[in-house]
Amino acid sequence: MTLDETKAGLDAVEEGPHLSEKSMGSSDGKIADPDGHPSVVALLLRFGDSVSGHRVSAGTQHVVWIDSARNLEVLHWLRDDQDHQYDMISDITAVDYGAGRPIDVVYQLFSTVYKRALRIRCELPLDGLEIDSIVELWSAANWLEREVYDLFGVTFRKHPDLRRILMPHDYEEGHPLRKDFPLRGRFSRAEQTRRALDQSVEHSYIAEEMDLGRDPQQAVPIIGTKDGDG
Amino acid sequence: MSKRTVEFNVGRNPEMGVDGSVVDSPIFPFDMPEPDLGTENMLINIGPQHPATHGVLRLVCELDGETVKRVIPHIGYLHSSFEKLGEYRTWNQIVPLTDRMDYLAPLIYNCVYVMTVEKLMGIEVTERCKVVRVICMEMDRIFSHLLWLGTTAIDVGAFTPFLYAFQERERIYQLHEAFTGARITTSATRVGGMMADLPEGWTNGLQDFLDTFPKTLEEIDRLLTRNQIHIGRSQGIGAISAEDAINSGFTGANLRACGVDYDVRKDQPYYDYETYDFEIPVGQYGDCYDRYLCRMEEMRQSVSLLRQALERLPGGPIDVEDPNISLPSKTDCMSDMESMIHHFKLITEGIPAPEGDCYMPIEGSKGELGMYIVAEEGGTKPVRWRIRPPSLVNLSVLPKLAEEHLVSDLVMINASLDIVLGEIDR
Amino acid sequence: MGLRDVLPGGGTSSVTGGMFGDGGPTFLTSKIDWIINWSRRNSLWPMPFGTACCAIEMMASAASNYDLARFGMERMSFSPRQADVLICAGRVPYKLAPVLRRIWDQMPQPKWCVSMGACASSGGVFDVYSMVQGIDTIIPVDVYVPGCPPRPEGLIYGLMMIQEKIREESLSRHFEHRAEDPSSVARPHANDAQVVGLTGPFGNSTQQEELSNKESGATEEPPEELIP
């Protein structure tokens with residue numbers, strides 16, 4: 001076996017998922033039977049022009065695609081309307097299908113009053129990865145949106161503190177969960193190791209923290225690290 | 001739904017407030033104005049390598065004297081990119097990743113992952129498998145709560161509960177090992193069943209554990225519940241109201257301590273949890289002490305659940321009898337041509353999934369644990385595998401909880417949230 | 001008149017193995033070595049750098065059933081300044097790498113390092129963008145404990161190997177054992193070629209240099225269409 005063959009074999013083993021020709025998972029304009037779920041019926045009545053798709057997944061789970069420009073409005077209504085009261089946001093995440101397809105932002109809602117779950121998805125084209133933040137509705141959205149921003153590069157407008165959460169705040173290799181991001185990162189291991197260790201202590205503080213407790217008269221903030229002398 | 005309130009009210013002396021309502025009296029009844037000394041706030045860094053952060057969490061605090069003015073948590077120091085790695089694995093190959101995510105309750109993670117895949121594929125597991133998984137999950141709830149109990153007790157200065165808790169944990173380790181061969185990284189589930197059936201005599205081992213564990217729990221209870229130091233360190237610390245807790249995404253014992261009886265086992269039942277007889281402990285004040293009481297009661301309820309599950313454990317096969325999902329037995333594989341082909345296809349290609357997405361929440365040991373899977377038509381690997389991490393959402397409330405508390409209370413609040421960094425950072 | 005002339009067996013005779021022989025270990029130095037090594041190896045203070053699953057097994061080792069204190073490791077030193085053995089238990093992402101290196105730099109000599117578990121030793125299953133592929137690219141490692149995670153017995157065996165290593169050390173060769181280039185502080189332990197060699201496919205087990213170099217050569221330069 002030649003080296004090239006070995007390498008081709010390795011690549012095949014490490015091959016990630018690739019899309020079949022058939023379109024899937026997107027809002028193809030179809031509306032499945034909404035009768036099973038009162039909130040879907042109400043959404044179609046009230047926001048019919050913004051609902052771009054609906055399907056029933058995994059037997060019982062209702063998924064509604066809505067216009068990404070009106071996500072705040074729709075979610076606000078779902079949270080506050082007396083007949084729905086989705087007061088708990090279980091999860092916010094995103095899905096990248098690769099192959100130039102739009103990235104979906106997914107909201108998992110649950111109503112502790114009516115014990116109902118609903119999934120809302122918003123499609124974002126790759127050249128317009130922006131959507132309104134819903135932190136003002138649920139404070140739980142804060143870190144979840146930061147995570148989506150970090151891993152997918154979706155910008156949340158009006159988010160109070162949108163910076164990377166899992167990767168270092170100056171990570172330069174991109175957004176790891178995008179399908180075009182290689183599993184081992186874009187830089188070589190040597191470069192990654194060098195970059196990781198080539199940092200001063202101040203580097204691990206964000207600008208906001210450096211300003212914390214800084215008196216206008218005082219030039220330098222007092223920084224005590226655990227490993228400080230003593 | 002049955003509702004259980006916390007009965008203990010040790011050390012709280014209610015007084016009449018201004019509007020006639022009952023308020024808790026402060027520990028120190030002095031109300032002295034603070035003299036203006038011209039002090040300035042201080043920035044200190046805790047972690048990521050610090051025993052009190054329960055992992056590699058890093059907290060940057062702004063302090064005014066000893067009072068926490070603001071906390072900025074930094075996470076990601078254990079980011080192992082499970083979700084990316086999962087996209088390169090077939091359905092069954094992902095199972096070993098799940099128990100490395102939450103190493104405090106590995107079997108719960110094994111179970112919820114395959115439950116999500118099965119729901120997506122429409123696979124109905126056998127009755128025996130359901131009960132075995134309930135046993136696994138309830139056992140690991142105790143497993144996880146015991147570690148939380150031990151480490152939290154250390155944080156408030158009590159070392160003995162740690163040793164007691166680990167003694168009991170060691171027995172669950174042995175049960176894990178007898179069942180799966182590993183102490184922590186169990187990888188016990190497979191799509192459509194379990195890795196293997198319960199070994200002979202395993203239920204007797206579990207029964208022994210259930211017979212003696214409540215006694216140890218009572219001993220720990222006696223050490224902590226009415227312990228004045230523990231009460232002083234936890235009552236009234238890090239309290240949050242029910243509305244705020246729901247809005248912030250609190251789940252699990254943290255939410256129930258605020259008085260909300262939300263439990264996925266009751267509200268979105270799976271695996272016949274509605275037919276088991278158990279109660280949801282609910283707190284009143286939403287502080288660290290109530291979280292402690294809720295978890296202690298949850299362990300007792302888990303013992304009761306385990307007893308019921310052992311009683312109803314049916315016989316029969318543990319894997320679904322579908323050659324496209326479950327592996328054939330080794331004997332069949334070696335003697336029967338068709339079984340060998342199925343074996344080969346399953347190992348090399350994997351199980352094809354239908355198109356769609358599926359979100360499945362269960363009640364994990366730390367809160368609502370959900371997995372979200374997106375698959376393409378006939379795909380043997382997920383397009384997206386997402387874990388709804390309960391600890392991440394619970395931890396994001398820490399800055400709100402810790403405000404205006406002392407630094408030492410910050411440690412207690414952080415401990416009481418029961419976080420595991422492997423799952424926060426994923 | 002020096003000590004050499006007074007003590008019996010003194011002098012520089014290498015034949016008699018004098019007390020202050022110029023050459024190899026002599027009676028006195030080897031006895032001092034023995035005493036120092038005996039006390040050193042039975043009073044190790046481990047610095048638990050626990051990150052993931054292995055940390056739980058490390059806690060189990062220290063708890064009631066396995067009781068690490070039997071081996072003189074009664075006190076887990078959470079401060080690197082008072083520690084002798086760094087137990088790196090669990091996976092180490094690049095974000096944590098400077099922390100690990102800093103803790104190692106803060107530990108005073110003499111110091112040893114145990115790499116506990118597959119992830120710390122080689123990256124384990126996490127051959128991904130965020131993980132250090134073996135902490136030996138960051139800091140020097142004395143003992144690798146295999147397993148995912150290793151059982152407490154495994155960790156205890158690894159620590160006993162450290163004790164064995166200490167037993168073999170000699171004061172006369174102190175600088176040989178303990179020398180560390182001061183300029184290497186906060187720098188990777190391995191050079192670029194070693195990192196690439198270690199972290200390629202199968203690199204950590206078989207060091208397939210050729211394949212590794214070919215594999216990594218393609219990604220040496222960041223592509224231009226880098227997403228900011």
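A residue counts as buried when its relative accessible area is under 20%, exposed when that area is over 50%, and partly exposed in between (1.4 Å probe, protein chains only). Keep that handy for the close-ups below. This is a predicted model, so local features need pLDDT of at least 70, side-chain atom pairs count only at pLDDT 80 or more, and totals for chains, interfaces and linings use all residues. Residues are numbered from 1 along each chain as its sequence is written, chains are lettered from A and ligands numbered from 1 in the order in which they are written, and side-chain values use heavy atoms, with hydrogens and water left out.

**View 1. His79(B) is buried in a loop of chain B****.**
The loop in question runs between strand 5 (67-74) and helix 1 (82-86) of chain B; helices (H or I, at least four residues) and strands (E, at least two) are DSSP runs, numbered from the N terminus. His79(B) has a relative accessible area of 3%. Look for its contacts (heavy atoms within 4.5 Å): leaving out residues up to four places away in sequence, His79(B) touches Leu151(A), Leu166(A), Met167(A), Asp425(B), Arg426(B), Pro93(C), Tyr129(C), Ser130(C) and Met131(C). A polar atom of the His79(B) side chain sits 3.1 Å from the backbone oxygen of Arg426(B).

**View 2. Chain A meets chain B****.**
Here 70 residues of chain A and 59 residues of chain B take part in the contact. Together the two chains bury about 5400 Å², 55% of it on carbon and sulfur atoms; buried area is the accessible area (1.4 Å probe) that two parts lose on being put together, summed over both.

**View 3. Asp357(B) and Arg119(A) pair up in a salt bridge****.**
Their side chains meet at 3.0 Å, N to O. A salt bridge is a side-chain nitrogen of Lys or Arg within 4 Å of a carboxyl oxygen of Asp or Glu, and there are 8 salt bridges between chain A and chain B.

**View 4. Cys294(B) is a buried cysteine****.**
A disulfide is a covalent bond between the sulfur atoms of two cysteines; the rule used here asks for a pair of cysteine sulfur atoms within 2.5 Å. By that rule, the count is 0 disulfides over all chains. Cys294(B) has 1% relative accessibility, and Cys288(B) is also buried, with a relative accessible area of 1%.

Notes
Polar contact = N/O pair within 3.5 Å; in protein donor to acceptor, adjacent residues only side chain to side chain.
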